[in-house]
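Subject: Structure handover and notes

Hello,

Please find the structure below, followed by my notes on it.

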Amino acid sequence: MGVTLALTLTVLGSACVYLASPNQKWLTRALPGRPALVAGCLLLAAGVAAWIAVLQPLAGFFVALHVAMVCLFVFPYSAALRSFGRKNEHAE
């Protein structure tokens, strides 16, 4: 249960940070910058705290860091794949 909560908080925090970027491709307009970044940072901090509660402190910190890094790497590619799939639907 704790790992699921920690993973959810970290992924949601990373999504908020991604959606606050003007270069994001999930929404037609980016979320308002400051509130989304604050929400994302709070969710990421809660995710780090949850990982530390589930694991040892150093391991929890690095797991949270790696999960956020993977999310922020995958989110732009998932948006690109989604737009690629839409272009192929219109071509047929």
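Burial first: a residue counts as buried under 20% relative accessible area, as exposed over 50% and as partly exposed in between, with a 1.4 Å probe and protein chains only. This is a predicted model, in which local features need pLDDT of at least 70 and side-chain atom pairs count only at pLDDT 80 or more, while totals for chains, interfaces and linings use all residues. Residues are numbered from 1 along each chain as its sequence is written, and side-chain values use heavy atoms, with hydrogens and water left out.

Helix α1

Ser-14 has a relative accessible area of 0%, so this residue is buried. Its place is in helix α1; helices here are DSSP runs (H or I, at least four residues), numbered from the N terminus. Leaving aside neighbours within four places in sequence, Ser-14 is in contact (heavy atoms within 4.5 Å) with Leu-44, Ala-68, Cys-71, Leu-72 and Phe-75.

Thr-10 also lies in α1, which covers residues 2–20. Thr-10 is buried as well, at a relative accessible area of 1%. Its side chain and that of Trp-51 are joined by a polar contact of 3.1 Å. Such a contact is a pair of N or O atoms within 3.5 Å; within protein, one must be able to donate a hydrogen and the other to accept it, and residues adjacent in sequence count only if both atoms are side-chain atoms. With neighbours within four places in sequence left aside, the contacts of Thr-10 include Leu-44, Gly-47, Ala-64 and Val-67.

Helix α2

Helix α2 (residues 33–54) has 22 residues, and at 1.5 Å a residue it should span 32 Å; the end C-alpha atoms are 31 Å apart, which agrees. The expected span is 1.5 Å times one less than the number of residues. The buried residues of α2 are Ala-36, Gly-40, Gly-47, Ala-50 and Trp-51. Seen down the axis, they fall within an arc of 100 degrees, so they line one face of the helix. That arc is taken from the directions from the helix axis to the C-beta atoms. Arg-34, Pro-35, Leu-42 and Ala-53 are exposed on the other side of α2.

Core

The largest nonpolar core has 12 residues in all, among them Leu-9, Tyr-18, Trp-51, Val-67 and Phe-75. A nonpolar core is a set of buried Ala, Val, Leu, Ile, Met, Phe, Trp, Tyr and Cys residues joined through side-chain atoms within 4.5 Å. At least two residues of this core come from each of α1, α2 and α3.

Aromatic pairs

The whole structure holds 5 aromatic pairs. Rings of Phe, Tyr and Trp (its six-membered ring) pair if their centres lie within 6.5 Å; planes under 30 degrees apart count as stacked, over 60 as edge-to-face and the rest as tilted. Phe-61 and Phe-62 form an edge-to-face pair, 5.4 Å centre to centre with 75 degrees between the planes. Phe-61 is partly exposed at 38% relative accessible area, and Phe-62 is partly exposed at 38% relative accessibility.

The ring centres of Phe-73 and Tyr-77 are 5.2 Å apart and the planes are at 50 degrees, so that pair is tilted. Both residues lie in helix α3 (residues 57–91), 4 residues apart, about one turn of the helix. Phe-73 and Tyr-77 are both exposed. Tyr-18, Trp-26 and Phe-75 form one aromatic cluster.

Regards
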